[in-house]
Amino acid sequence: MRYTPFAREIFNVIPADIGRPLLDITNRLEGIDLAREIGRVFDTLHMVEVESRTSDGRWYIVRVLPYRTTDDRIRGAVLTFLDITDRKHAEEAVQRSEAWATFVINSVRDYAIMTLDPSGVIQTWNEGAQQMFGYNAGEIVGRRSDVLLTEEDRTGDVVQSELNTAR
């Protein structure tokens with residue numbers, strides 16, 4: 001029925017389109033079936049929220065809500081678009097960085113590299129750690145790091161204070 005000027009960035013609308021069904025108008029959204037999402041809103045009368053990319057590479061959170069009249073009748077759907085392009089690019093950069101770090105850590109064979117969570121539980125374990133300690137990743141990931149200490153080390157004050165300082 002109506003649209004904002006911003007809608008022209010996503011939908012190919014012109015002023016003469018006011019009153020036309022939205023699904024008759026082409027759009028730049030990819031990976032979303034608007035007819036299905038609008039149908040879900042009509043079936044459940046609850047908001048639907050999905051992420052979608054446009055053909056020009058922008059990312060949006062698409063929210064579809066039932067349009068209620070003042071007498072509480074459903075007369076259509078309201079679509080809102082929240083631009084999340086910068087967030088998506090940041091997420092992709094983090095994923096690339098994590099993949100690179102994982103690659104580097106896993107390719108090191110001469111040094112034991114492991115990561116621990118704040119409580120001392122082993123989260124990652126490379127091949128160098130396997131060679132040094134004898135555990136493969138499946139055996140050690142998820143266990144507390146103090147399993148790597150000897151009984152003497154576990155009960156000794158010096159090692160315990162060093163572990164506490166390292167955390």
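Two strands are taken to pair if DSSP finds at least two bridges between them, and helices (H or I, at least four residues) and strands (E, at least two) are DSSP runs numbered from the N terminus. By this rule, E3 and E4 pair in the antiparallel sense over 9 bridges. The structure is a predicted model, so local features need pLDDT of at least 70 and side-chain atom pairs count only at pLDDT 80 or more, while totals for chains, interfaces and linings use all residues. Residues are numbered from 1 along each chain as its sequence is written, and side-chain values use heavy atoms, with hydrogens and water left out.

Four strands form an open sheet in the order E1-E2-E3-E4, with antiparallel pairing. Its edge strands are E1 and E4, each of which pairs on one side only. E1 is joined to E2 by 2 bridges, and here leucine 29 has threonine 54 of E2 as its bridge partner. Between E2 and E3 there are 6 bridges, again antiparallel; glutamate 51 is partnered by isoleucine 61 in E3. These two strands form a hairpin with 4 residues between them, and glycine 57 in its turn has a positive phi of about 90°. The hairpin of E3 and E4 has 5 residues between the strands, and in it aspartate 72 takes a positive phi near 65°. Tyrosine 67 stands opposite glycine 76 in E4.

Contact here means heavy atoms within 4.5 Å. Not counting residues up to four places away in sequence, threonine 54 touches Arg28, Leu29, Glu30 and Tyr60. Its side chain also makes a polar contact with the side chain of aspartate 56, at 2.3 Å. A polar contact is a pair of N or O atoms within 3.5 Å; within protein, one must be able to donate a hydrogen and the other to accept it, and residues adjacent in sequence count only if both atoms are side-chain atoms.

H1 lies across E1, E2, E3 and E4 and runs at about 125° to E4, whereas helix H2 (residues 85–107) lies across E2, E3 and E4 and runs at about 135° to E3. For these angles, axes are lines fitted to C-alpha atoms, for helices over the stretch in contact, and angles run from 0 to 180 degrees between N-to-C directions. In H1 (residues 34–44), the buried residues are Leu34, Glu37, Ile38 and Val41. Seen down the axis of H1, these residues fall within an arc of 100°, so they line one face of the helix; the arc is that of the directions from the helix axis to the C-beta atoms. An α-helix has 3.6 residues a turn, so residues three or four places apart point the same way. What covers the buried residues of H1 includes strands E1 (29–30), E2 (48–54), E3 (59–68) and E4 (74–83). At the start of H1, a side-chain oxygen of aspartate 33 comes within 3.2 Å of the backbone nitrogen of alanine 35. Just after H1, leucine 45 takes a positive phi of about 60°.

The nonpolar cores come next. A nonpolar core is a set of buried Ala, Val, Leu, Ile, Met, Phe, Trp, Tyr and Cys residues joined through side-chain atoms within 4.5 Å. The largest has 14 residues, and those with the most contacts inside it are Ile10, Phe11, Leu29, Val62 and Phe81. H1 and E3 each supply at least two residues of this core. A second, separate core of 5 residues includes Ile122, Ala129, Ile140 and Val147.

Asparagine 126 sits in the loop between E6 and helix H3 (127–133) and is buried, with a relative accessible area of 2%. The side chain of asparagine 126 reaches the backbone oxygen of isoleucine 105 at 3.4 Å, and a polar atom of that side chain lies 2.8 Å from the backbone nitrogen of alanine 129.

Definitions and conventions: Buried < 20%, exposed > 50% of the residue type's maximum accessible area, 1.4 Å probe, protein only.
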